[in-house]
Amino acid sequence: MTTDGVHKPAVAAVIGGGVIGGGWVARLIQNGVNVQVFDPDPEAPRKIITIIENADHALARLTMAPPPARGSLNFASSIAEAVATAELIVEAVPERLEVKQAVYAEIELAADNNVIISSSTSGIMPSDLQAKMNRPDKLMVGHPFNPVYLLPLVEMVGGKQTSHETIRRAGEIYRAIGMNPLHLRKEIEAFVADWFLEAVWREALWLVKDGIATTAEIDDAIRYGFGLRWAQMGLFETYRVAGGEAGMAHFIAQFGPCLKWPWTKLMDVPELTDELVEKISSQSDAQSGNHSIRELERIRDNNLVAIMQALKANDWGAGKTLANWEATLYNAIPAARKTDYKKPLETLRRSVPADWTDYNGHMNEARYLDCFSHATDMFMRMCGVDAAYVAAGGSYFTVETHIQHLDEVKAGAEVHITTQILAGAGKKLHLFHRLYEGEKRLLATGEHMLLHVDMNTRASSLPTEGVAIKVASFVDGHAGLPKPDGAGRAIGVR
Ligand SMILES: NC(=O)c1ccc[n+]([C@@H]2O[C@H](COP(=O)([O-])OP(=O)(O)OC[C@H]3O[C@@H](n4cnc5c(N)ncnc54)[C@H](O)[C@@H]3O)[C@@H](O)[C@H]2O)c1
């Protein structure tokens with residue numbers, strides 16, 4: 001376990017580095033877990049690096065929270081080497097029972113007896129997966145969703161021999177790496193999500209086969225309407241609302257009878273003839289062929305990020321998972337960082353996403369303030385003004401801001417902010433942020449005056465003694481620093 005208090009493995013092994021294994025690798029290293037991957041395909045490292053690039057692109061947009069020190073990545077030459085020191089083993093090899101069972105046999109020869117083996121299978125029953133194992137209690141299904149580095153759901157399914165402790169520990173690990181584990185009480189093939197999705201997929205294939213709708217029309221029917229509802233409320237809550245004031249019972253009374261009408265093909269599966277496959281793929285080419293898969297992945301990820309951020313602002317669904325994960329990242333920081341009170345503090349480090357830039361190719365003005373406000377938040381946290389302090393009724397409000405734009409900030413720039421405190425007595429907090437590219441190139445400064453406020457009366461008030469002492473430590477430490485160039489300057493004065 002890591003030292004930051006969350007239940008993450010120090011080392012994880014990922015066996016199988018395709019679409020899903022690569023996604024696990026990315027999520028794990030971004031969360032500070034060292035990863036050992038084994039995949040016999042010589043192309044696997046290249047593919048995994050591409051997935052990590054996508055994941056980093058997404059993470060740069062997803063959150064301003066400071067990520068933990070990145071985990072290392074090693075391509076092992078055998079399963080034995082990959083699992084030797086692992087505290088979690090993620091299996092993501094092809095969806096064939098005999099391939100997975102052969103992998104578990106190799107794992108059991110080399111891994112620690114206590115290590116959890118989590119299969120990414122989309123639908124094989126865990127009882128079948130564990131049937132030939134020596135330590136079947138450690139095997140479970142942890143079914144993720146593509147892209148694993150962004151989507152928080154992981155369905156946890158135990159087999160007949162899986163221990164409760166295995167499920168409990170895995171749940172802690174998944175939560176610590178930003179996921180939302182859903183423990184299914186009973187094992188069924190395909191679990192809940194794919195059970196459900198397969199029915200939808202089957203019906204969509206019929207609609208194409210019967211010439212009722214094209215692939216593009218079916219996708220439009222989803223994404224312009226009920227798909228948006230599903231992303232935030234799922235099925236039952238959406239239908240409850242659709243029932244109007246009378247709610248779910250009324251909805252069922254109104255629409256229940258039509259379930260018996262022959263609206264769907266139910267269990268019939270269309271024969272995947274060459275003709276049908278050709279029809280689907282040519283329609284799909286016409287629909288999306290102007291984009292490469294890489295472009296589609298980026299479009300998908302940018303949209304997912306935007307949806308998750310909107311849900312976070314509403315404290316809802318997948319946005320709540322994002323907020324909880326960010327809280328653990330913020331909480332880990334002061335403990336992890338050794339504070340040197342005599343120097344400006346680093347309060348933000350990130351790269352500049354391409355969609356932060358405007359028509360001049362520069363970072364948009366709003367983003368400067370966004371970065372400086374996150375730097376201020378980080379400084380406040382380091383003074384003890386964290387979520388608990390705010391919930392208890394105290395905070396600082398910004399009352400004045402002055403930003404100087406000194407040099408061009410372009411997409412992809414690796415930037416960081418340092419914060420110097422100019423004054424901090426009583427209710428006032430006077431901060432001066434410097435935004436740098438690399439270690440030396442000064443891009444901008446942000447000067448802010450904040451006032452401590454009682455959140456109940458909304459009037460200015462003194463901070464608690466604990467916060468005042470921490471603020472004073474920074475004021476004393478920074479007292480010897482030269483006054484920053486531009487501090488106190490009014491607009492237009494150079
Ligand atoms: N693709 C999805 O959307 C999705 C979603 C959730 C779960 N899953 C499940 O994840 C698992 C992997 O699926 P995928 O889509 O990543 O497949 P994939 O074909 O992209 O990747 C499988 C990888 O396993 C490697 N491999 C084959 N034999 C191996 C062995 N003996 N040891 C180590 N590596 C081996 C292959 O070289 C390949 O890189 C499957 O069980 C699948 O059902 C897939």
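## A helix to start with

How many residues does helix 2 have, and how far does it reach from its first C-alpha to its last? Helix 2, covering residues 44-62, is built from 19 residues. From its first C-alpha to its last it reaches 26 Å, which is close to the 27 Å expected at 1.5 Å a residue. Keep in mind as you look around that this is a predicted model.

Now see which residues of helix 2 are tucked away. Among the buried ones are Ala44, Ile48, Ile51 and Ile52. Towards the end of the list you will also find Ala58, Leu59, Ala60, Arg61 and Leu62, which are buried too.

## Just past helix 2

Is threonine 63 buried or exposed? Its relative accessibility is 9%, and buried means under 20%, so threonine 63 counts as buried. The side chain of threonine 63 also has a partner: a polar contact of 2.5 Å joins it to the side chain of glutamate 326.

## Two strands side by side

Next, find strand 1 (residues 11-15) and strand 2. The two run parallel, and five bridges join them. You can trace some of the pairs yourself: valine 11 stands opposite asparagine 34 in strand 2, and valine 14 has valine 37 of strand 2 as its bridge partner.

How much of each strand is hidden? In strand 1, five of the five residues are buried, so this strand is largely enclosed by the rest of the structure. In strand 2 (residues 34-38), four of the five residues are buried, so that strand is largely enclosed as well.

## Around the ligand

Which residues come nearest to the ligand? There are 22 residues around the ligand, and Ile20, Asp39, Glu95, Lys100 and Ser122 come nearest. Sorted by class, the shell holds 10 nonpolar, eight polar and four charged residues.

For isoleucine 20, a backbone N or O atom lies 2.8 Å from a ligand oxygen. For aspartate 39, a polar side-chain atom lies 2.6 Å from an oxygen atom of the ligand. For serine 122, an N or O atom in the side chain is 2.7 Å from a ligand oxygen. Taken alone, the ligand exposes 830 Å², and the protein buries 72% of that. Helix 1 (19-30) and helix 4 (97-110) are the elements that give two or more residues to the shell.

## Another helix to check

Helix 6 (residues 164-176) lets you repeat the length check. Its 13 residues should span 18 Å at 1.5 Å a residue, and its end C-alpha atoms are 19 Å apart, which agrees. Several residues of helix 6 are buried, including Ile167, Ala170, Ile173 and Tyr174. Just after helix 6 comes glycine 178, with a positive phi of about 85 degrees.

## A buried glutamine with two contacts

Glutamine 404 is found in strand 10 (residues 394-405). With a relative accessibility of 4%, glutamine 404 counts as buried. Its side chain makes a polar contact of 2.7 Å with the side chain of threonine 445. Another polar contact, of 3.2 Å, joins the side chains of glutamine 404 and arginine 489.

## Backbone details in the loops

Finally, take a look at some loops. Proline 147 lies in the loop between strand 6 (139-143) and strand 7 (153-158). The peptide bond from asparagine 146 to proline 147 is cis, with omega near 0 degrees.

Aspartate 315, in the loop between helix 12 (293-313) and helix 13 (317-336), has a positive phi of about 50 degrees although it is not a glycine. At 47% relative accessibility, aspartate 315 counts as partly exposed. Arginine 458 is in the loop between strand 13 (441-454) and strand 14 (459-460), and its phi is also positive, near 60 degrees. With 54% relative accessibility, arginine 458 counts as exposed.

Technical notes:
Residues numbered from 1 in each chain as written. Predicted model: local features only at pLDDT ≥ 70, side-chain atom pairs only at ≥ 80, totals over all residues. Heavy atoms only, no water. Near = heavy atom within 4 Å. Polar contact = N/O pair within 3.5 Å; in protein donor to acceptor, adjacent residues only side chain to side chain. Areas by Shrake-Rupley, 256 points an atom, 1.4 Å probe, with all protein chains shown as cover. Nonpolar A, V, L, I, M, F, W, Y, C, P; charged D, E, K, R; others polar. Expected span 1.5 Å × (residues − 1). Buried < 20%, exposed > 50% of the residue type's maximum accessible area, 1.4 Å probe, protein only. Pairing = 2+ DSSP bridges.
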